[in-house]
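Q: Please take a close look at one part of this model and go through it carefully, with the cut-offs behind each term.

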Amino acid sequence: TPFLLQREPLSLPGCLLVLHEPLPGSFFQCGLEDMGSGNGTAVTEFVLLGFSGFGSLRGPLFWGVLCIYLVTLLGNSLILLLTLADPALRSPMYFFLRHFSTVEILYTTTIVPRMLADLLASCPTISPASCFTQLYFYALFGIAECCLLTAMAYDRYAAICRPLHYTTLMNQEACVSMVGASYLMGIITGTTHSLFIFTLPFRGANTIHHFLCDILPVLRLASASTFWGEVGNLTLTIAFILTPFLLIVASYACILATLLGVTTSQGRQKVFSTCSSHLFVVLLFFGTGTVTYMRPWAGSSQDMDQILALFYTVVTPVFNPFVYTLRNKEVTGAMRRLVKRYLWSP
């Protein structure tokens, strides 16, 4: 396949493209013109390459992502409705689940509508202000999810390992404080990332090899030293991703120790059933996130990075409603009561 060198700014219809890396010539079938050097020109818009090189697969991808997004919205909205409407779902676990579903909706909405529009566009561009906003909320809601999963793990630890003190440990004030801290951690992370990155100068290269304004793809385009941006990214990763994960592991280590101390198989099954849904969501969330962002060869294949990021940001959130509705008897019972009350009532 012929390759176009990246030294020159290129134009698509209505689109200025300045590349750091070569791209297959087949991507530029709409016609290219050499516009001269632009290495010193301040960037006024970014080009989100995303899945532009997927050709005829963009149509099926658009409809697939749209269907998954609608299911995610409907499923998490159902959980919101059930936890608000049914008195049986007023425990701390469902209080956390309500906020987790809210964050899932906001998280996917930060990414998917823009992605859908870009899949239909001949040249998907985004202004620096819009890129800043997307990166900010992407980091905010992603970290809030990590912290909410940690709060839910602590709730399961208190219920299983310290049942006599559960009502004291998980009182309303404690629950509200943990949820507030989760959002605060997200705000700190989003603000810090955005300030570290968007106070850097961006000149010349304006092509983001991604379907969203993720931290590292944007950081690579900066025309100044990115040392402090990378240090900030590492620090926040350790503080707000690795630390919550370790707390979740510690909670489940205590739960496992308690589980091994239960003598009857019925008792063990009861203990496991109280945390199986949350454990599945934790493994899915942190497992896909680790593969996407922390694998040793991350960045070696941009197409693979995008496919993994697509699964992490679009596909993973759709599992949350299914896990908590199909595997949870209390939620399925609340669904039946809701249907009976509003649809089958005389």
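In what order do the 3 strands of the open sheet lie, and in what sense is the pairing?

A: The structure is a predicted model, in which local features need pLDDT of at least 70 and side-chain atom pairs count only at pLDDT 80 or more, whereas totals for chains, interfaces and linings use all residues. Residues are numbered from 1 along each chain as its sequence is written, and side-chain values use heavy atoms, with hydrogens and water left out.

The 3 strands of the open sheet follow the order 6-5-7, and their pairing is mixed; strands (E, at least two residues) and helices (H or I, at least four) are DSSP runs numbered from the N terminus, and two strands pair if DSSP finds at least two bridges between them. The edges are formed by strand 6 (125–126) and strand 7 (207–208), each of which pairs on one side only. Strand 5 (residues 46–48) pairs with strand 6 in the antiparallel sense over 2 bridges, and Val47 has Thr125 of strand 6 as its bridge partner.

Turning to helix 2, this element (residues 92–120) has 29 residues and spans 43 Å from its first C-alpha to its last, close to the expected 42 Å, the expectation being 1.5 Å times one less than the number of residues. A kink of about 35 degrees lies at Thr109, shortly before the proline Pro113, where the bend is the angle between axes fitted to the seven residues ending at a residue and the seven starting there. Helix 2 is mostly covered, with 21 of its 29 residues buried, that is, under 20% relative accessible area, as against over 50% for exposed and in between for partly exposed (1.4 Å probe, protein chains only).
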